[in-house]
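This report describes the structure shown below, moving from the whole chain to single residues. Please keep the sequence and the model in view while reading.

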Amino acid sequence: MNVLNIILVVLLVLSGLLTVALVLMHSGKGTGVSDMIASSIYNSGTGSGVLEKNLNRLTVITTTIFIVCVIVMALTFPTGTIG
């Protein structure tokens, strides 16, 4: 593996983990993990709209990085040399 592929693998793992964490932090409609996290982060009276917008932006950014890494790796990763 060359340096580009190593960097892409690291970015892929980090962006994937961040995307999962950010999606879980979104406030949901029902009860569950997202409501437990969101209730401790957001206060319903103090600007939760701004926090939600920033959370949406971060989620879109990490998801875009993940998708770009997958596409670039599909085009550049050498066939049959994993491991």
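## Annotated regions

The unreviewed UniProt entry lists residues 6-25 and 58-77 under "transmembrane region". UniProt positions are given here in the numbering of this report, feature names are shortened, and annotations may be inferred rather than shown by experiment. In the model, residues 6-25 are 100% helix and 0% strand, and the C-alpha atoms at the two ends lie 29 Å apart. Residues 58-77 are 95% helix and 0% strand, with the end C-alpha atoms 27 Å apart.

## Basis of the model

The structure is a predicted model, in which local features need pLDDT of at least 70 and side-chain atom pairs count only at pLDDT 80 or more, while totals for chains, interfaces and linings use all residues. Residues are numbered from 1 along each chain as its sequence is written, and side-chain values use heavy atoms, with hydrogens and water left out.

## Overall architecture

The protein has three helices and zero strands, and its pattern along the sequence is α-α-α. Helices (H or I, at least four residues) and strands (E, at least two) are DSSP runs, numbered from the N terminus. Helix α1 covers residues 3-25, and helix α3 covers residues 48-76.

Of the 83 residues, 19% count as buried. Buried means under 20% relative accessible area, exposed means over 50%, and partly exposed lies in between (1.4 Å probe, protein chains only). The protein exposes about 5,900 Å², of which carbon and sulfur atoms supply 74%. Accessible areas come from the Shrake-Rupley method with a 1.4 Å probe; for residues, only the protein chains shown count as cover.

A contact means heavy atoms within 4.5 Å. Among contacts between residues at least 6 apart in sequence, 69% join residues at least 24 apart.

Which residues does Thr19 contact, leaving aside its neighbours within four places in sequence? They are Thr62 and Thr63. Thr19 lies in helix α1 and counts as buried because its relative accessible area is 15%. The C-alpha atoms of Thr19 and Val60 are separated by 8.4 Å, although these residues are 41 residues apart along the chain.

The side chain of Thr19 makes a polar contact of 3.1 Å with the side chain of Thr62. A polar contact is a pair of N or O atoms within 3.5 Å; within protein, one must be able to donate a hydrogen and the other to accept it, and residues adjacent in sequence count only if both atoms are side-chain atoms. The Thr19 side chain also reaches the backbone oxygen of Ser15 at 2.7 Å.

Ser15 is likewise found in helix α1. Its relative accessible area is 5%, so Ser15 is buried. Not counting residues up to four places away in sequence, Ser15 touches Thr62, Ile65 and Phe66. Ser15 and Phe66 are 51 residues apart in sequence, yet their C-alpha atoms are 5.5 Å apart in space.

## Asn5

Is Asn5 buried or exposed? Asn5 counts as buried because its relative accessibility is 1%. This residue of helix α1 is in contact with Thr76, Phe77 and Pro78, leaving aside its neighbours within four places in sequence. The side chains of Asn5 and Thr76 are joined by a polar contact of 3.4 Å.

Val3, Ile7, Leu11, Leu58, Ile61 and Ile65 make a nonpolar surface patch of about 530 Å². The elements that give two or more residues to this patch are α1 and α3. Patches are made of residues with over 30% relative accessible area and no salt bridge: like charges are joined within 9 Å, and nonpolar side chains (Val, Leu, Ile, Met, Phe, Trp, Tyr) within 5 Å. A salt bridge is a side-chain nitrogen of Lys or Arg within 4 Å of a carboxyl oxygen of Asp or Glu.

Ile65 is found in helix α3 and is partly exposed, with a relative accessible area of 36%. Val70 also lies in helix α3, and at 38% relative accessibility Val70 counts as partly exposed. Val70 and Leu11 are 59 residues apart in sequence, and their C-alpha atoms are 9.8 Å apart in space.
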